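Welcome, and thanks for taking a look at this protein with us. Please open the structure below and keep it beside you as you read the briefing.

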Amino acid sequence: MSTRPVVVLAEELSPATVEALGPDFEIRQSDGTDKPRLFADIAEADALMVRSATKVDAELLSHARQLKVVARAGVGLDNVDIPAATSAGVMVVNAPTSNVLSAAELTCGHILGLARNISPAHQALKAGEWKRSRYTGVELSEKTLGVIGLGRIGGLVAERMAAFGMEILAYDPYVTSARAHQLGAKLVSLDELYARADVVTIHMPKTPETVGMLNADAFAKMKDSVFLINVARGGLIDEADLEAALAAGTIGGAAVDVFATEPATDLPFFSHESVVVTPHLGASTHEAQEKAGVSVARSVRLALDGELVPDAVNVAGGAIDQLVRPGIPLMERLGRVLTALATDALTDIETEAAGEIAELNVSALQLAALKGVFTDVVNDPVSYVNAPVLAEQRGISTRLTTTTEVEDYRNALTIRAATSSGEQLSVRGTLTGPKQIQKIVGINGYDLEITLTDHLVVFEYGDRPGVVGTLGRILGEHQVNIAGMQVSQNTKEGRALAVLAVDTALPAGVLEAIASEVNAALAAEVDLEES
């Protein structure tokens, strides 16, 4: 067994990727196309890094005993079963921005290639044929480019082709007119784009709504001379309809880099001279491969350090502000305290962030709270990924609330819960001082302030003299040292809550003995020590 986390590379990745991982991991090379070998190699893996050839599905994940993260060194995730990974508590990360420049430049190259017949002219001349008149092209200046999807790649294409003097029309329901204007584009309806564009390039994600989006109906609305470009996702163009339109001469040509099924080497529309095809080269530049590998290597490091990862596709939260980050381990520990206090199944969990922190994105704190709640009650590993799934499977409603109003502390984090018996629970914590010391400042409505140590004992009882002495006497008899103690009173109801920080876990039977002697309504031991 390795003493360092094991990272399995299922495909060949760049030296810069391995260098970005650093010396803290044991790197093992495998073969994603050899299932038996990969099944054996992944058994001890903490992280799996792939590109596009390795299929990460439920079968593969079932062989992984301690896998925490799957990293795809690229943009697409068609080869990763995200729901299966989520159910297994495995984070999935990719490199969403690594290939944007490469894909945009390839798109521009295809536009120029179609306009000037570069590919067929090249093939003819290499075959010994001089056909100047046959391959007369068109200028791009004063032509119209229709960009479907004005995201990162579409935006880069728009900016670059505007420099050729093209008018840029764009369709994207999620982009504002102001943003389109910044990119030199005008937002129009899809039908107007089809009718006016001399070149149509698509940069949409592959979804049930976009598969086959460019089909016979769309082609019928376009100019007979239109050029179509797809460097985005295979299947966005209906390949059978494309072949029919090319055969009928109702479109001028097409450049396609991605296909519904890959590898694709003999599709019918390949035979047309007005078609240029490339074997999924959108991200195939040295620079893009370096960026993708280095990006996911950094994400793997974060994931194996127990951090949330901004590029994780199956974890809500996104980028975590530096002011929020220290609250994540605190909230996780508060969740474990809450679980220790509960005597029945939870039915409702509310996570609250109060104070200055409430003005930031604190969604990561809810994930941490849920991870803490389930850590000590389920047998399978709990992660930021599957904690929300565990709550959903158990019918537990969850919500996140924020407020800038808080008394006594700059920020306070609270978890409230209801149980099946109607019991109401709450645990409140904060971070204090330059060292950001974790403290509990409230339990079930009792105000207190005690450092959140690895071993805590909590008792609620009828407030009366002698109880504190009883607690100290019994713990002393069993050689348990008290490192700190807070008692909070509810004078209206004549109740008190004692929270003790102790150096070690209690010997068997001690908690029950104390609870019996002081007639405690609540007795709980919290063990937060990492195993």
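**A first look**

F259 counts as buried, because its relative accessibility is 7% and the cut-off for buried is under 20%. The model you see is predicted.

**Aromatic rings**

- The structure contains two aromatic pairs.
- In one of them, the ring centres of F259 and F270 are 5.7 Å apart and the planes meet at 65°, so this pair is edge-to-face.
- This pair links distant parts of the chain: F259 and F270 are eleven residues apart, and each sits in the loop between β11 and β12.
- F270 has a relative accessible area of 22%, so F270 is partly exposed.
- F269 and F270 also make an edge-to-face pair, with 5.2 Å from centre to centre and 85° between the planes.
- F269 counts as buried because its relative accessibility is 2%.
- Taken together, ring pairs join F259, F269 and F270 into a cluster.

**A lysine over a ring**

- Elsewhere, K371 lies over the face of Y384, at 5.4 Å from the centre of the ring.

**The seven-stranded sheet**

- An open sheet is built from seven strands with parallel pairing, and their order is β8-β7-β6-β9-β10-β11-β12.
- β8 (185-187) and β12 (275-277) stand at the edges with a single partner strand each, so one side of each has no neighbour in the sheet.
- From one strand to the next, the twist averages 15°.
- Within the sheet, β10 (residues 227-230) and β11 (residues 253-256) run parallel and are joined by four bridges.
- Here F227 stands opposite G253 in β11.

**Two helices to find**

- Helix α5 (residues 100-115) lies across β6 (144-148), β9 (199-202), β10, β11 and β12, and runs at about 155° to β10.
- Helix α12 (residues 286-304) has 19 residues and reaches 27 Å from its first C-alpha to its last, close to the 27 Å expected at 1.5 Å a residue.
- The buried residues of α12 include A288, A292, G293, V294 and L304.
- What do the buried residues of α12 pack against? Their partners are β1 (6-9), α1 (15-21), β3 (47-50), β4 (69-72), β5 (91-93) and α5.
- After α12 comes G306, which has a positive phi, near 80°.

Methods: Residues numbered from 1 in each chain as written. Predicted model: local features only at pLDDT ≥ 70, side-chain atom pairs only at ≥ 80, totals over all residues. Heavy atoms only, no water. Pairing = 2+ DSSP bridges. Axes fitted to C-alpha atoms, helices over the stretch in contact; angles between N-to-C directions. Contact = heavy atoms within 4.5 Å. Expected span 1.5 Å × (residues − 1). Buried < 20%, exposed > 50% of the residue type's maximum accessible area, 1.4 Å probe, protein only. Phe/Tyr/Trp six-rings, centres within 6.5 Å; stacked < 30°, edge-to-face > 60°. Lys NZ or Arg CZ within 6 Å of the ring centre and 35° of its normal.
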